[in-house]
Amino acid sequence: MKYEYKYVKIELKNAFWTNKPKEAYHEIIDEHARQGWRFVQIFAPATSGYGSASYFELIFEKASD
């Protein structure tokens, strides 16, 4: 079976010491699930100078024909 993958980048707000998502990622996961995508993982890239990431990616997969 073959799979296709989709990556959704979620930017983070850099407000002092907290990095909160700019988008409601739970809703993004739910919407993709309704479209037949399976949530696989959240990927956070290498950290910035202050030890925190500026974004993360949601990774989805779906069986392809």
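1. Strand β1 (residues 2–15) contributes the most to the nonpolar patch, with 3 residues. Strands here are DSSP runs of E, at least two residues long, numbered from the N terminus. The patch covers about 590 Å² of surface and is formed by M1, Y3, Y5, Y7 and V40. Patch residues have over 30% relative accessible area and no salt bridge, with nonpolar side chains joined within 5 Å. A salt bridge is a side-chain nitrogen of Lys or Arg within 4 Å of a carboxyl oxygen of Asp or Glu. Areas come from the Shrake-Rupley method with a 1.4 Å probe, and only the protein chains shown count as cover for residues.

2. This is a predicted model: local features need pLDDT of at least 70, side-chain atom pairs need 80 or more, and totals for chains, interfaces and linings use all residues. Residues are numbered from 1 along each chain, and side-chain values use heavy atoms, without hydrogens or water.

3. Mean pLDDT (the predictor's confidence in each residue, from 0 to 100) is 83 for the protein, and 74% of the residues score at least 70.

4. V40 lies in strand β3 (residues 38–43). V40 has a relative accessible area of 36%, so it is partly exposed (between buried, under 20%, and exposed, over 50%).

5. E61 sits in strand β4 (residues 55–64). E61 counts as buried because its relative accessibility is 11%. Its side chain makes polar contacts (N or O pairs within 3.5 Å, one able to donate a hydrogen and the other to accept it) with the side chains of Y5, at 3.0 Å, and R38, at 2.5 Å.

Key. Patch = residues over 30% accessible without salt bridge, like charges linked within 9 Å, V, L, I, M, F, W, Y side chains within 5 Å. Helix = DSSP H or I, 4+ residues; strand = E, 2+ residues; numbered from the N terminus. Buried < 20%, exposed > 50% of the residue type's maximum accessible area, 1.4 Å probe, protein only.
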